[in-house]
Amino acid sequence: MRRKWFRSAAVAAFWLAGCEALYGGYAIDNSSNCMVNTALCLVPDQACNPQTRECEPAIVLDSVDPPAAPTVGGDILTLGGQRFSPDLRVRIGGIDVANVTWVSDRSLSVVAPPSPGQRGPVTVEIIHPAGQTVRRDGLFRYYEQTQLTTPPPVALTFEPRHLRSADVNRDGRLDVVMSDGFDSKIYALLAQADGSLAEPIATTTSARPFGLALGDVNGDGKPDVAISRTGPMTAIEVALGGGDGSFASSAVVGTQTTLGGLALGDVNSDGKADLLALDALRLRIWLSNGDGTFAATSRDFALAYQSFGASGRAVLTDVDGDAALDLVATNGTDLSFPIFFGDGQGSFSEVPSPVFAAPPTAFAVGDTNGDGLLDVVASLGSAEPSTALMLQTAGRGFRQPILLAGPRSANGVEILDMNRDSVSDVVLFSPVVGTGVLSIQHAITPTRYAAQKSYSLPPYPSAMLAWQRDKTQPPSLLVVHRGAGASGNFYSILSNVTP
C-alpha cells in the first residue's frame, strides 16, 4: 500500500511539475510570464509569445526592398530578416497581404496591397500562427503617383522658346516669360487666379534672343530681363520690368560670342542682381549699379578647360548652402561641366564636375537627398542610361554620377516634389519627333528611383517649364509646342492634381 502511494505521488509530482511550467506560462500575474517580466526573453534572439507567454526564438524583420511603393499597390517587395517560415502572414499598413511567398528562412516575397489615401510611412507586420508578431516602423512608405490633367491647349501667334517664370506683376503668383524663336520679342503671360495664363504681353527687343534670364537689377522688387543677341555685334541687352508684364531697355553690354548661358543674381550681396555670362573661355560678371546699368568693365574669371557659346546653359543658385550664389553651367558638348562657387563678394572659384559617359545637354539643380546641399541631375543626350545623378558631398565635392533610366535626348530636367511626399522626384522631357516624352521618376531612396511613369502630350512639344502658380499648389508643368504643318504654335498646362 505504501509503495502504491509512492508511485502515485511520483506521477503526481511529475504532472504537477509540468503543470507548474505550463501554469507559469499562462498565468497573467506570474513572474515566469514573459508578458509580465519582459527581461526573461534574451532580445534580439528571443521574443515573447503573447499566447503561451513563453520565450521562443524570435522572428526578425530587418528590411523591406524597395522601401517605398505607390498607393495603387502591385509592386513586388522583398522582406529580409531571420527565422522566416512558410506559414507566416504579412500585414502592411494594417492591410493583409494576399500574396506571400516564402523564399528562404531569411527572405519573403510579397505583393504590396493597394492603400488608397495612406500616403507616408506605415507599419509592417509579420504574424506567426502560433502567436508571435513582429512589428516594424520606418522600413516602408507609400507614395502617390503624380496625376496630371491636360486642359485644352492655348494657341500662340509666335514660336515660343526660352521659358522662365517669375512674379512680374507682384500679385503673389508666378507668371511666365518666353521669347520668340524667330522675332525680336519677349512675352509675359500673367498668371490668373483660376490657374490659367492671360494673353501674352509683348516687348520688342533689339534682336532675336538666344538666351534669357530674369532678376531684379535695380532693387525695386520688379523682375527685370536680360537677353543675349547675335551679330554683327554680339551683346546682352537688359530691360527693366514695369510691374505689369512690360519691359523697357536700360543697358547693353558687349560680348565676344553669341551666348546661351547667362544669369541675373546678386553675387556681391548688395541687394541688386548682377549680370553673369559664360562668354567663350571666360565667366564674365558685370556688377549692377542699382539703376538698370552695370559697371563699364566686367570681372572676368578664366575657364579652366571649356568654351561656351550659343548652346551654353547656366543656373545661378546657392549650391553649397553658404548663402552665396554659385553657378552651374554646361556647354552641351564636353563630357563634364564647371561649377563655380561664389564667395558672396563677386568672386568665384571653379570646380570641375565628374566626367560623364556623354555630354550633358540639360540639367537641374536641387536637393535630392534632403541633406541641405544641392545635387545635380543631368541628361546625357542619346546615351544609355540617359540620366545621371550627381550627389554633393561636404566640402564642395561631388560623388561619381549614379546612372538612371529616362528618355533619351532630354532637353528639360527638373528636380521637384511632384507628389507632395517631401521627397524630390526627377522630371524629364524629351522633344522627340511626334508626341515627345514626359516622364516622372518618383524617389524611393536618395539614390534610387521608381520606374519612370510616362505621360502623353499633344503633338510637337519643344520645351518644358516647371510652373508653380503659387506656394499653395503642387508644381505643374507647362509645355510649349512649335507646330509643324497645320498644328500651329501653342502651349499646354499639365495641371498637377495629385491628392
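Predicted model: local features only at pLDDT ≥ 70, side-chain atom pairs only at ≥ 80, totals over all residues.
**Entry 1.** I started with Phe356 and found that Phe356 is buried, at a relative accessible area of 5%.

**Entry 2.** What does Phe356 stack with? I paired the ring with Phe337: the centres are 5.7 Å apart and the planes sit at 15 degrees, so I logged the pair as stacked. The cut-off I needed here is under 30 degrees.

**Entry 3.** Next I checked where the two sit. Phe337 is in the loop between strand S27 (326-330) and strand S28 (338-342), and Phe356 is in the loop between S29 and strand S30 (362-366), so the pair ties together parts 19 residues apart in sequence. Phe337 is buried too, with 0% relative accessibility.

**Entry 4.** How many aromatic pairs does the structure hold? I get five. One of them is Phe301 with Phe348, which I put down as edge-to-face, at 6.3 Å centre to centre and 75 degrees between the planes. This pair links distant parts of the chain: Phe301 belongs to strand S25 (residues 299-302) and Phe348 to strand S29 (residues 348-352), 47 residues apart. I looked up Phe348 on its own as well, and Phe348 comes out buried at 10% relative accessible area.

**Entry 5.** Last, I turned to charges over rings. Arg161 has its charged end over the ring of Phe182, 5.8 Å from the centre. I found Lys453 over the face of Tyr455, with 5.4 Å to the ring centre.

Conventions: Residues numbered from 1 in each chain as written. Heavy atoms only, no water. Phe/Tyr/Trp six-rings, centres within 6.5 Å; stacked < 30°, edge-to-face > 60°. Helix = DSSP H or I, 4+ residues; strand = E, 2+ residues; numbered from the N terminus. Buried < 20%, exposed > 50% of the residue type's maximum accessible area, 1.4 Å probe, protein only. Lys NZ or Arg CZ within 6 Å of the ring centre and 35° of its normal.
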